[in-house]
Every structure is written in C-alpha cells, then in structure tokens.
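Colleague: Hello! I am new to this structure and would like to learn how to read it. Could you walk me through it?

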Protein chains: 4
Amino acid sequence: MMKKFSQFLTVRRPSELLLSGKVSNPHGALLSRSFVSQAVARPNPASDGDSGKVFVDYTIFKGKGALNMSPIPPKFSQLQSGCMKVDRKGAMMLNFFPAVGPKKYDWQKKQGFALSVTEMGSLISLGPSESAEFFHDPSMQSSNAGQVRKKLSVQPLGNGGGFSFSLNVNNSVSKTSDQIYVPVSKAEFEVMRSSFNYILPRIMGWDRLFNPQLPASVNMNPEPEMEPEMEPGMLLSPDPEWDR
Amino acid sequence: MMKKFSQFLTVRRPSELLLSGKVSNPHGALLSRSFVSQAVARPNPASDGDSGKVFVDYTIFKGKGALNMSPIPPKFSQLQSGCMKVDRKGAMMLNFFPAVGPKKYDWQKKQGFALSVTEMGSLISLGPSESAEFFHDPSMQSSNAGQVRKKLSVQPLGNGGGFSFSLNVNNSVSKTSDQIYVPVSKAEFEVMRSSFNYILPRIMGWDRLFNPQLPASVNMNPEPEMEPEMEPGMLLSPDPEWDR
Amino acid sequence: MMKKFSQFLTVRRPSELLLSGKVSNPHGALLSRSFVSQAVARPNPASDGDSGKVFVDYTIFKGKGALNMSPIPPKFSQLQSGCMKVDRKGAMMLNFFPAVGPKKYDWQKKQGFALSVTEMGSLISLGPSESAEFFHDPSMQSSNAGQVRKKLSVQPLGNGGGFSFSLNVNNSVSKTSDQIYVPVSKAEFEVMRSSFNYILPRIMGWDRLFNPQLPASVNMNPEPEMEPEMEPGMLLSPDPEWDR
Amino acid sequence: MMKKFSQFLTVRRPSELLLSGKVSNPHGALLSRSFVSQAVARPNPASDGDSGKVFVDYTIFKGKGALNMSPIPPKFSQLQSGCMKVDRKGAMMLNFFPAVGPKKYDWQKKQGFALSVTEMGSLISLGPSESAEFFHDPSMQSSNAGQVRKKLSVQPLGNGGGFSFSLNVNNSVSKTSDQIYVPVSKAEFEVMRSSFNYILPRIMGWDRLFNPQLPASVNMNPEPEMEPEMEPGMLLSPDPEWDR
C-alpha cells in the first residue's frame with residue numbers, strides 16, 4: 001500500500017518483456033528506436049452507472065509524453081416501435097500526458113482529443129509521407145464556443161518510420177497554451193491502424209445490426225422523435241431499389 | 001416541439017466536434033476540404049415487423065448533396081432439415097439527397113442505390129486514380145423493366161484526394177432525369193472501405209456459420225426447395241476433396 | 001412445381017440488380033466485363049447430422065463455367081480435461097462447374113478444391129501480376145494415392161483486371177481429364193480477398209478462444225490423445241517466456 | 001496405442017492435402033518451395049484451471065525447424081465498482097522447435113517468444129524487403145535478469161518471397177546458446193499478418209467493450225487499485241472533449 005499522495009502517475013510494472021526494438025530497411029536508413037509499451041494503471045473508475053463496463057486501452061510511453069487511446073462505444077436510443085437506432089456515434093479518445101521525469105507522466109495535465117469516425121478514416125489511410133491536421137472546439141455550439149481550441153497535428157517522422165502526434169490546446173480564458181508531443185513508431189502506428197479498422201464499424205454501431213440481442217448503452221431520455229418534421233409516408237413507401 | 005411541417009430535413013445537432021480537416025501530402029498538393037459529418041436524424045421507422053431491428057448508418061454531408069450509407073442484412077430461409085441457408089444476400093444501401101440550402105437536404109428527392117457484394121469489392125479495390133461505373137434497373141425482370149435506369153459513377157477527385165460519387169436516375173415514364181453529386185474525401189472513402197470490409201462477409205451471411213445460434217431474419221415463406229430439379233444423390237455423395 | 005427432371009442447374013432468379021460493371025483505369029486500358037453474380041440454388045442438404053447448420057457461399061457465374069466458394073468450419077475435439085482443441089482445421093471449398101449453355105451449369109460435373117489456410121494466405125497476398133499454382137491429391141496417404149491429381153492455376157488476366165482460375169483434374173483410373181476455367185474480375189477477387197481475411201482466423205478456430213461458449217462442431221470420437229508419445233511434464237513446465 | 005516412449009514429436013497425420021505450392025512472379029524469379037502445414041499434435045493440456053479453455057494455433061513445418069504460433073488471451077480484473085479492466089494484455093506466443101529428422105521435431109528443445117501487441121504491429125507493417133529484430137529477457141526485473149537473452153530476427157528471404165524467422169537464446173548460467181531457424185513463405189507470412197490483424201484488438205481486450213457479457217479470464221487477486229496514488233476527482237471530472 002502506498003501512503004504518500006502523488007499527482008504523478010508512476011508506471012510501476014512493465015506488462016511486456018520488450019527491451020527494445022530495432023527495425024531497419026535496406027534502403028540506407030537504420031531506424032533505432034527504444035519504446036516501452038506498458039499498461040496504464042488507471043484509477044478506479046466511477047461506480048455510478050459504470051457497473052458492468054469494460055475499460056480497454058493502448059498506451060505509448062515516450063520521453064516527452066505518453067499517448068493513451070481508448071475507444072468509446074456509441075449510445076443507442078430505443079424508438080417507440082421497439083427499434084434501436086444510434087443516438088450518438090462513439091469515438092476513439094486520444095489522451096496525451098506530458099512527461100515530468102523518466103517514466104513519469106503528469107496525469108493532471110492530460111489533454112483529450114476524441115477522434116471521429118471520419119478522422120479515424122483519415123489516419124487509417126495516411127500514406128507514409130503524408131500528414132493530417134484536425135481542429136476541435138470542445139464547446140462548439142455552446143456559449144463557450146471559441147474559448148478552447150485544440151489542434152492535433154500528425155506529421156511523418158521521416159524514413160518511413162512512423163508519425164509525430166502533437167496536440168496543441170489554446171485556452172483564451174485562462175490564457176494558457178499547452179503542447180504535448182509523442183512520436184509514434186511505424187509499429188505503434190500499425191497497432192493504431194489495425195485497431196482503428198476493428199473499432200470503426202463498432203463505434204458506428206454496425207455490429208448491433210448482426211447481433212441485436214447484445215446489451216447496448218441505451219439513452220433512456222432520447223430526443224423527441226422527428227415525425228413532426230417529416231412526412232412519415234416518405235420513408236415507409238416501398239423503396240424501388242430494395243424492396244424488403 | 002416543432003409545429004410547422006417541412007419537407008426538408010434540417011440537421012439540428014452536430015454529433016461530432018469536427019470543425020474542419022486538412023490533409024496535405026509532401027508532393028506539392030495541399031488538400032483543403034471542409035467536411036461536416038453528422039448523424040442523419042431519421043424519421044420513426046415503421047413499427048410493423050420492425051421491432052427489435054437496429055438502424056445504423058454513416059452520412060457524408062456536402063454542399064450540393066448528402067450521401068447516406070446503411071447496410072441491409074441478408075435474409076435466411078430454413079430448410080425442412082432444420083438447416084439455414086441464405087435466401088437473399090444483403091446489400092449496402094447508398095442514399096443520395098440533393099441540397100436545397102446550407103445544411104438542408106431534400107428528403108423527398110432521395111435516390112437509392114443498393115450496392116451488391118461484388119460492387120462493394122469493386123470499390124474496396126479501387127486504386128486512387130481508378131474509376132468505376134455501375135448500372136441498375138430497379139424493375140429488372142418485371143414488366144416495368146427499362147422504365148427507370150440508374151447509373152452510379154465514381155471518379156477520382158485528383159491529387160489522391162478521394163472520389164466523386166454521382167448518381168444519375170432516368171425515368172422514361174415521368175420523363176425526369178435526376179443527378180445528385182457528392183464529393184467523398186479520401187478520409188471518408190477510407191471509412192467506406194473499412195466498413196465495407198467489415199460488412200461484406202456479414203451481408204453474405206458468413207458470420208452465421210460461426211454463430212449459428214444468433215437470431216437472423218428468416219423468410220417464413222421460402223420458395224419450394226429444389227429437389228425436383230436436382231438429383232439429391234449428387235450433393236450427398238462423399239466429396240473426395242473434403243470428406244466430412 | 002417443376003415436374004421434369006434435369007441434371008442441369010438453371011439459375012432461375014437473379015438476386016441482385018446488377019446489369020453490368022465497368023471499371024477503367026487511367027493508364028490506357030478500359031476493362032469492360034459483364035458479370036452476373038447470383039446465389040446458387042442449392043439442393044436440400046442432407047438432414048442427418050446437419051440440423052442447425054448454416055450454408056453460405058459466394059458464386060461467380062461466367063460464360064464457360066461457374067466458381068462457387070463456401071467456407072468449411074473446423075472440427076473440435078474435447079480433451080478429458082474439458083478443454084477443446086482444433087481436431088481438424090476448416091478450409092475454403094472452391095467448387096467449379098462447367099457451363100453447358102447460357103446461364104446453365106452442369107452440376108454433375110462439379111469439381112472441388114479445398115483451399116487450406118496457407119493457400120488462402122497465398123491468394124490474399126497475390127500481387128496483381130503474380131500467379132499461383134496448387135496441387136492436391138484427394139486420396140493422399142491412402143491406397144488410392146496418385147489416382148486423381150488436381151491442379152488449381154491462378155493467372156493474372158492482364159491490365160490489373162483480376163485473375164483466371166483454372167482447375168485441372170486428371171483421373172488415371174477413368175482415364176479422364178477435366179478442365180474448368182472461370183475468369184475472376186478484380187472486383188470479384190477483392191470479394192475473395194476480403195472474405196478470406198474474415199474466414200482465415202475462424203477456420204483455424206481462433207474465434208473460439210474469445211467466445212468459448214459458442215457451440216462448435218465437436219468430433220465425438222477423437223483419436224486417442226498423445227500422452228504415450230510425450231513426456232507430459234515437458235509441456236506443463238512453466239514457460240519462462242509467458243508464465244500464466 | 002503406442003507403447004514406446006519417445007521424446008520426439010512425430011507428425012503422424014497430415015491435416016491438409018497440400019502436396020506442394022509454387023508461386024511465381026513475372027519479374028524473373030521463380031519461387032519454388034515445398035511446405036507442409038500440419039496441425040501439431042499437442043499433448044493433453046493441464047487439467048487444473050484449464051477446463052473450458054480452447055487451444056488454437058498455426059504451425060509451419062520446415063526442414064530445419066518448426067514454428068508454432070498460438071494466441072494468449074488477456075487477463076481481466078474486476079474493480080470494486082463492478083467494472084472490468086484489462087489486468088494484463090495477451091500476446092502472440094511463437095514456439096520454435098528444431099528438426100531432428102524428416103518431419104521430426106524435438107519438443108523438448110522448444111523455445112518460446114511472446115510477441116507483444118506492438119511487436120505484432122511491427123510484423124504486420126513489415127515491407128517485403130524490410131527486417132525487424134526484437135530482444136526479450138524472460139526474467140526482466142527479477143533477480144535473474146540478464147541470465148537468458150532472446151533475440152528474434154526477421155529477415156527478408158529475397159524475391160519478395162517471405163521472411164526467415166530466426167530465434168537465438170543465450171543462457172549465461174547453463175552456458176548454452178541455441179538457434180532455431182524457420183523460413184516463412186510469403187503465403188505463410190500472409191496467414192500471420194491476417195491472423196495478427198484479427199488477434200491484435202482481441203488480445204488488448206477490446207472485443208469485451210462490445211460484448212461485455214462474454215466470459216473472460218479474470219484475475220481474482222488483482223493488485224490493489226491505485227487510488228492512493230491518484231486524485232480520484234481528476235478522472236471523474238467531466239471531460240470537455242467527450243462528456244458522457
């Protein structure tokens with residue numbers, strides 16, 4: 001039992017026996033990169049409403065920062081007909097932590113960036129020398145819009161050797177600007193690509209189409225359904241392209 | 001509650017925080033594209049026979065039109081032996097909506113195009129500078145054959161930056177010709193490719209082979225089985241290549 | 001109800017609205033290919049032991065022949081400890097049918113070729129201008145070995161446009177030699193590739209590792225287990241690399 | 001029943017009808033390789049705690065050695081809140097066996113190497129002429145650290161024809177050094193790639209997120225949770241990027 005309180009997350013136990021990895025290609029460049037992939041020891045999640053939940057992630061620890069990714073399932077709502085529809089798509093949450101010492105990351109300064117399905121598609125299809133930038137406003141369409149601006153920049157590291165992930169957060173109220181930088185090796189980026197391909201249809205809820213009996217996260221107070229704005233007959237008319 | 005009836009679908013709430021996306025590659029071209037991906041607010045689906053169904057989709061909203069895609073599961077029929085077979089393969093329904101104003105799409109003018117498994121294979125394997133065309137007749141093999149002709153044309157946008165999807169519908173009875181055009185970014189096309197790879201074996205019913213206990217959509221009035229036309233012995237004879 | 005007996009399978013009802021497909025690439029060649037993909041109407045499978053089974057496939061109909069592919073799940077056996085192991089891996093059965101007229105295929109002359117997991121890997125990784133050949137002896141290691149020899153040859157069609165699948169079967173007893181040839185378009189080959197990727201881990205039984213409660217095809221009379229040939233202690237000794 | 005004890009595993013029954021495989025490419029080189037892929041006949045796994053387990057694998061038999069790969073599922077722990085989290089990620093266990101004669105492999109001299117998720121990503125993304133090296137110390141962070149050193153080297157075979165897998169194990173206590181070499185054809189490497197893509201999200205436990213009701217391997221004596229080291233409020237504060 002640890003008595004002392006600390007605001008830093010210290011990685012205490014390596015989950016993998018990896019010492020180092022070296023990947024070379026024959027066209028000159030030798031890529032030598034030391035990377036340690038360890039499970040983030042997460043604090044106890046909230047108990048209310050979380051019972052039965054499952055927490056999964058993948059974390060990349062580097063010298064200047066750590067990048068943790070964790071999928072968020074979609075929310076469903078049940079219609080009066082008994083049908084289910086996706087009320088809110090899920091996302092791939094990227095959490096960035098700045099390093100404050102060897103294998104020490106400041107949990108309090110974490111900055112999150114929730115990749116949408118389309119942004120995941122952008123990263124999956126990223127060529128080895130391409131780059132991508134995404135801009136988010138966490139308070140978009142509220143009265144606080146524009147106060148916080150986040151920019152995720154993904155740039156090639158060169159030599160076909162992965163990408164730098166760099167998150168900028170500008171807060172015009174607190175007058176602060178944070179940047180956290182994590183280099184992602186080609187191998188780690190392939191883990192992202194492979195797991196994004198797995199996650200993408202599932203955070204759109206498409207797996208429920210083929211396994212409708214599975215329990216899902218259902219929003220019990222969905223918005224009123226949209227009949228007033230629609231002619232119901234339109235959708236119900238037989239579709240000449242696909243008459244079920 | 002909205003009182004006023006409108007035939008237009010107004011997207012009322014963004015489901016994602018995406019402001020804009022910019023993808024560049026180092027070989028000259030800067031691809032700057034603003035795209036907003038939002039959940040289509042769907043009207044209440046029909047209640048008869050739909051209870052327990054799940055509605056999932058992915059929609060691309062652009063200036064001149066929107067493209068919604070939604071997988072359709074296969075139909076099974078049960079044989080007298082208790083076995084199940086696919087009675088009708090599923091499809092990937094593409095629905096096109098013309099824009100009638102900023103973020104306003106005319107729901108009544110939607111045009112559908114149900115991609116077959118092979119057409120999905122054609123799009124999955126499409127190289128960045130290749131194109132594809134598909135022709136459908138919704139009334140094929142009925143007395144109305146030839147009245148309506150649909151053409152889906154998928155053309156590269158240039159600079160490796162995705163594809164234009166353009167649907168032409170010619171109706172020789174109503175003497176109308178509609179065209180709806182939606183540019184699909186490289187990121188959005190990758191969402192299509194990734195989700196098509198997920199969906200393809202499932203709309204062929206192959207997931208049931210490994211999860212036979214899952215409920216499936218069963219056609220209760222299948223066509224008479226085909227014994228009269230076959231020698232049953234042929235299929236039942238031991239297969240020298242694979243003797244189970 | 002059809003009264004007349006026929007040994008030919010006549011495709012009676014198109015399951016898809018596809019009229020034709022045209023795929024072009026910008027480097028000169030225009031690939032124009034008419035293909036019709038339809039569900040094979042299968043005769044009633046055997047009832048003994050088949051109850052609860054699910055039959056799924058994908059069929060390519062061409063002028064000179066048809067190619068039907070259908071996955072075969074693995075067989076499991078239960079050990080005395082209650083554990084399950086794969087007793088026999090599954091396969092991807094390819095069935096070839098020669099054409100005997102427009103949209104008519106001779107069911108009696110079907111020839112099968114069961115692709116192993118590794119042969120599936122060979123086709124998945126086949127470059128657009130590469131070719132592959134596989135040789136099977138259905139009676140290998142029996143007294144009839146060498147009587148029947150099968151060769152599956154997969155050759156590029158040119159212009160990046162798919163592959164020809166050609167099956168040769170030589171029977172030294174009946175002195176017959178059959179060849180069935182089916183050209184497979186790039187789109188159809190992509191359906192094979194995508195569904196092979198889906199099927200590959202499943203015909204190795206790997207999905208059971210994560211869903212052990214699912215029912216599986218269990219061989220009730222497995223071979224005697226192999227203790228006499230092994231020192232049990234060897235396997236049971238703690239593995240220093242992965243001590244569970 | 002075999003009476004005689006043998007420390008060698010003799011492969012007694014081929015599970016596949018494959019005689020040989022030949023893959024050629026048009027650029028000169030003819031790749032001719034004879035490979036036999038057979039199920040390893042495994043001895044009876046331990047009965048304690050293993051009931052209900054499923055054993056699956058894929059094995060490559062070559063002249064000088066055999067390479068068996070077998071996925072290891074993750075371990076979960078249940079939090080006091082009822083939530084589940086991944087306590088230890090799974091791995092892809094590679095087991096190497098030296099050959100001691102035609103189709104005879106020395107089971108006692110097996111050497112294991114557990115690929116982490118990131119190492120799997122490295123192999124999935126390996127270009128045809130790239131190579132990779134991984135170093136493991138099975139006793140890392142114990143008092144025996146450094147006694148045993150393992151190096152897995154993956155080198156291209158040339159002509160785009162797969163990779164050599166070579167495992168070196170140096171034991172400084174027993175003063176022994178073992179090397180086992182298995183050439184992996186392009187087709188076999190594609191089986192690895194395809195099955196790694198399937199396994200990767202699952203050994204991270206991500207499939208449980210969408211199927212939380214499935215039984216999982218739960219560690220009943222997890223480490224004490226980490227609240228003392230964390231401010232619980234930090235994680236529980238609403239995340240502005242994704243307010244669930």
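**Helices, salt bridges and backbone angles**

Modeller: Gladly! Let us begin with two helices of chain D: the axes of H1(D) and H2(D) come within 10 Å and cross at roughly 145°. Please keep in mind that this is a predicted model.

Colleague: Why do you give an angle and a distance?

Modeller: Two packed helices are described by the angle between their axes and by how far apart those axes are. For this pair, the crossing of H1(D) over H2(D) is left-handed.

Colleague: Which residues make the contact of H1(D) with H2(D)?

Modeller: On the H1(D) side they are D:Val117, D:Met120, D:Gly121, D:Leu123 and D:Ile124. H2(D) contributes D:Phe189, D:Arg193, D:Phe196, D:Asn197, D:Ile199, D:Leu200 and D:Ile203. Sorted by class, the residues of this contact are nine nonpolar, two polar and one charged.

Colleague: How many residues of helix H1 of chain D are buried?

Modeller: Eight of its eight residues, so the helix, spanning residues 117-124, is mostly covered. Among the buried residues are D:Glu119 and D:Ser122, along with D:Met120 and D:Leu123.

Colleague: At what angle do H1 of chain C and H2(D) pack?

Modeller: At about 95°, with their axes 7 Å apart. H1(C) and H2(D) are therefore roughly perpendicular to each other. In this contact, C:Val117, C:Thr118, C:Gly121, C:Ser122 and C:Ile124 of H1(C) meet D:Ala187, D:Glu188, D:Glu190 and D:Val191 of H2(D). Here the classes are four nonpolar, three polar and two charged residues.

Colleague: Which parts does the salt bridge of B:Lys151 and B:Glu133 tie together?

Modeller: Their side chains meet at 3.8 Å, N to O. B:Lys151 lies in strand E13 (residues 148-156) of chain B and B:Glu133 in strand E12 (residues 131-136), so the pair ties together parts that are 18 residues apart in sequence. B:Lys151 is partly exposed, with a relative accessible area of 28%, while B:Glu133 is buried at 14%.

Colleague: What do C:Lys151 and C:Glu133 form?

Modeller: They form a salt bridge, and its closest N and O atoms are 3.8 Å apart. This pair links strand E13 of chain C with strand E12 of chain C, 18 residues apart. C:Lys151 counts as partly exposed at 28% relative accessibility, and C:Glu133 as buried at 14%.

Colleague: One last topic: how should I read a phi angle?

Modeller: Most residues other than glycine have a negative phi. A:Lys175 has a positive phi, near 55°. You will find A:Lys175 in the loop between strands E14 (163-171) and E15 (176-184) of chain A, and it is exposed, with a relative accessible area of 72%. For B:Lys103, phi is near 60°, also a positive value. B:Lys103 sits in the loop between strands E9 (91-101) and E10 (104-106) of chain B, and counts as partly exposed at 44% relative accessibility.

Key. Residues are numbered from 1 along each chain as its sequence is written. Chains are lettered from A and ligands numbered from 1 in the order in which they are written. This is a predicted model: local features need pLDDT of at least 70, side-chain atom pairs count only at pLDDT 80 or more; totals for chains, interfaces and linings use all residues. Side-chain values use heavy atoms; hydrogens and water are left out. A salt bridge is a side-chain nitrogen of Lys or Arg within 4 Å of a carboxyl oxygen of Asp or Glu. Helices (H or I, at least four residues) and strands (E, at least two) are DSSP runs, numbered from the N terminus. Buried means under 20% relative accessible area, exposed over 50%, partly exposed in between (1.4 Å probe, protein chains only). Axes are lines fitted to C-alpha atoms, for helices over the stretch in contact, and angles run from 0 to 180 degrees between N-to-C directions. Angles under 35 degrees count as roughly parallel, over 145 as roughly antiparallel, 65 to 115 as roughly perpendicular and the rest as oblique. Contact means heavy atoms within 4.5 Å. Ala, Val, Leu, Ile, Met, Phe, Trp, Tyr, Cys and Pro count as nonpolar, Asp, Glu, Lys and Arg as charged, and the others, Gly among them, as polar. A crossing is left-handed if the near helix is turned anticlockwise from the far one by less than a right angle, and right-handed if clockwise.
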